[in-house]
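Biologist: I would like to learn how to read strands and helices in a model. Could we go through one slowly?

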Amino acid sequence: MAAQPSDKATRYDRQLRLWGDHGQALLEAAHVCLINASATGTEILKNLVLPGIGAFTIVDDKKVSIGDLGNNFFFDKSCVGKSRAASATALLQELNSEVKGCSVEKNVMLIAREEPSFFKAFATVVV
């Protein structure tokens, strides 16, 4: 009787066939930082969360506005007035429970001035 594939092998079958175990291990070890939870940025993160990136952090000090609703499909009316970083993080984590997400509600320029080493923890920073 043939061995059954693991849950992980079944879940990530497409990308395992594309880049193999080694590539998947690198993806799972990566921690990406997104500056601003814009429509483009959250779409990029969605495309990393679904195949199983290890972790992501969203840095955004703004609140969800009515204008965000027409641009960013992750936000709905219940998000208006709430943190863009926290709202996007929660919604992205719903896509893949194995991915760790974190939100930082602080101005990125302030972080760069006060804590420049903050960004060294990430494999990639998406601006």
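Predicted model: local features only at pLDDT ≥ 70, side-chain atom pairs only at ≥ 80, totals over all residues.

Biologist: Is strand β2 mostly covered or mostly open?

Modeller: A residue counts as buried under 20% relative accessible area. In β2, residues 55–59, five of the five residues are buried.

Biologist: Which residues lie on each side of β2?

Modeller: Ala 55, Thr 57 and Val 59 are on one side, with Phe 56 and Ile 58 on the other.

Biologist: In what sense do β1 and β2 pair, and over how many bridges?

Modeller: Two strands pair if DSSP finds at least two bridges between them. Strand β1 (residues 31–35) runs parallel to β2, with five bridges. Within this pair, Val 59 of β2 lies opposite Ile 35.

Biologist: How does β2 pair with β3?

Modeller: Strand β3, residues 100–104, is also parallel to β2, over five bridges. Lys 100 in β3 is the bridge partner of Ala 55.

Biologist: Which residues of helix α5 are buried, and what do they pack against?

Modeller: In α5 (residues 84–93), the buried ones are Arg 84, Ala 85, Ser 87, Ala 88, Thr 89 and Leu 92. They pack against α3, β2, α4 and β3.

Biologist: What does Ser 83 reach at the start of α5?

Modeller: A side-chain oxygen of Ser 83 comes to within 3.2 Å of the backbone nitrogen of Ala 85.

Definitions and conventions
Residues numbered from 1 in each chain as written. Heavy atoms only, no water. Buried < 20%, exposed > 50% of the residue type's maximum accessible area, 1.4 Å probe, protein only. Helix = DSSP H or I, 4+ residues; strand = E, 2+ residues; numbered from the N terminus. Contact = heavy atoms within 4.5 Å. Polar contact = N/O pair within 3.5 Å; in protein donor to acceptor, adjacent residues only side chain to side chain.
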